[in-house]
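Here is a short briefing to read alongside the model. Have the sequence and the 3D view open as you go through the points.

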Amino acid sequence: MPLFGAHMSISGGYNKAVEAAAVIGFDCVQLFSKNSNQWKAKPITDEEAEKFQFSLRTNKIIRPLIHDSYLINLASPKDELYQKSIAAFVEEMVRAEKLGVSHLVMHPGSYTESSESEGIQKASRAFDEIFQKYNDLIQTAENRKSVMILLETTAGQGTNLGSKFEHLRDIIAGCQKPERFGVCVDTCHIFAAGYPLIEKEDYEQTMQKFEDVIGLKHLVAFHLNDSIKGLGSRVDRHAHIGCGALGLEPFRHIVNDKRFQETPMYLETPKGATMIDDKEIDWDLANLNMLKNLQDL
Ligand SMILES: [Zn+2]
C-alpha cells in the first residue's frame, strides 16, 4: 500500500503537524520548517526538534518531508535574489537536518528575463554552492544521512522551470553531486504542464516518459492533487481528489501502481470541511478516504 499523507500546518509547533496527520489517519506528513512567505526565521531549538521527533515516534508517522519557502528562486538571473536564495536554501537544509528530516522538496525556480537553459545552469551552479556551504556548516556524522533534495515538477506557469522532465534531469545532471537528488511528481502540476494521466494508456506513457528521461527509481514522492484547470493549461490550481479536471482515474492508476507501493504520497488539497451524509467531514479525511476507496483489494 502506498503511504498517504498531507501538508499540515506547523502553527503551535512542528509536533502539531504530526499530531494533525495522525488524527486523520495518515502515514506520513509534509510541513514547512518556517513561514513559507518570509526569508527570516528563528533557529529551531533542541527542544522543538526533540518534541517533533517524539511526536513522529508516538504517532507512528513516517517519511516527514519539508517543503521549502516560496520566495527561493535558484534560477534567478538577478544576483541579489540569487544569492539570497542560495543562503535561504542552505538554511532550509540546516533546519531539515536539525529536525531530523531526510527529504526537502523544492520548486526549481523561474528564469524570468533570462532563458530556460540559463535558468537550468543557474540552478545547477546554485546547488553546487549550496552543498559546499552546507557541508562547511554541518559536521555530518559518519552514519548520518545528509538531506536529499527533491525537485518538484511544476505546472510551468510563467517562466517556472520544472514543467518538463528534461528540466529536472538537466539541473541534476549539471550538479557535481547528482546523487543527492530525487524527484517529487505533483499530479496537478504535470497534468497542467501537458502530461496526460486520465486514460490508462496515457498514464503509462507519461510514466514511461519519466522512466526514459529521469528514471522511475528517482521518483521518491508524489503530491496528489486534482487540478482545477485542464491538460496543458500551465495553471497551478489544486482541487480535491476527483473534483477537478483530473477526476478519479489518474489516482486509481497511481495508488494501484505496483511500482509505487512504498512511495509516500502527500495531499496538498484545500483545507476545511465538507458535509457528507449530514456529517461534517474534514477535507483531508474525505480525500484520504477517496484514495483508499480507489485501491484494488
Ligand atoms: Zn506540490
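Eight strands form a closed barrel in the order β1-β2-β3-β4-β5-β6-β7-β10, with parallel pairing (strands pair if DSSP finds at least two bridges between them). On average, neighbouring strands of this sheet are turned by 30 degrees against each other, direction ignored. This is a predicted model: local features need pLDDT of at least 70 and side-chain atom pairs count only at pLDDT 80 or more, while totals for chains, interfaces and linings use all residues. Residues are numbered from 1 along each chain as its sequence is written.

**Barrel details**
- Strands β6 (residues 181–186) and β7 (residues 219–224) run parallel and are joined by four bridges.
- Opposite valine 185 stands phenylalanine 222 in β7.
- Helix α1 (residues 14–24) packs on the sheet, where it touches β1 (3–7) and β2 (28–32).

**Proline 64**
- Strand β3 (residues 62–67) holds proline 64.
- Proline 64 counts as buried because it has 26 C-beta neighbours inside 10 Å (the cut-off for buried is 20 or more other C-beta atoms within 10 Å, with C-beta atoms placed from the backbone).
- The C-alpha atoms of proline 64 and leucine 31 are 7.6 Å apart, although 33 residues separate the two along the chain.

**Helices α5 and α7**
- The axes of α5 (residues 165–173) and α7 (residues 200–213) come within 10 Å and cross at roughly 20 degrees (axes are lines fitted to C-alpha atoms over the stretch in contact, and angles run from 0 to 180 degrees between N-to-C directions).
- The two helices, α5 and α7, are therefore roughly parallel to each other (angles under 35 degrees count as such).

How values were computed
Angles under 35 degrees count as roughly parallel, over 145 as roughly antiparallel, 65 to 115 as roughly perpendicular and the rest as oblique. A residue is buried if 20 or more other C-beta atoms lie within 10 Å of its own, exposed if 12 or fewer, and partly exposed in between; C-beta atoms are placed from the backbone. Two residues are in contact if their C-beta atoms, placed from the backbone, lie within 7 Å.
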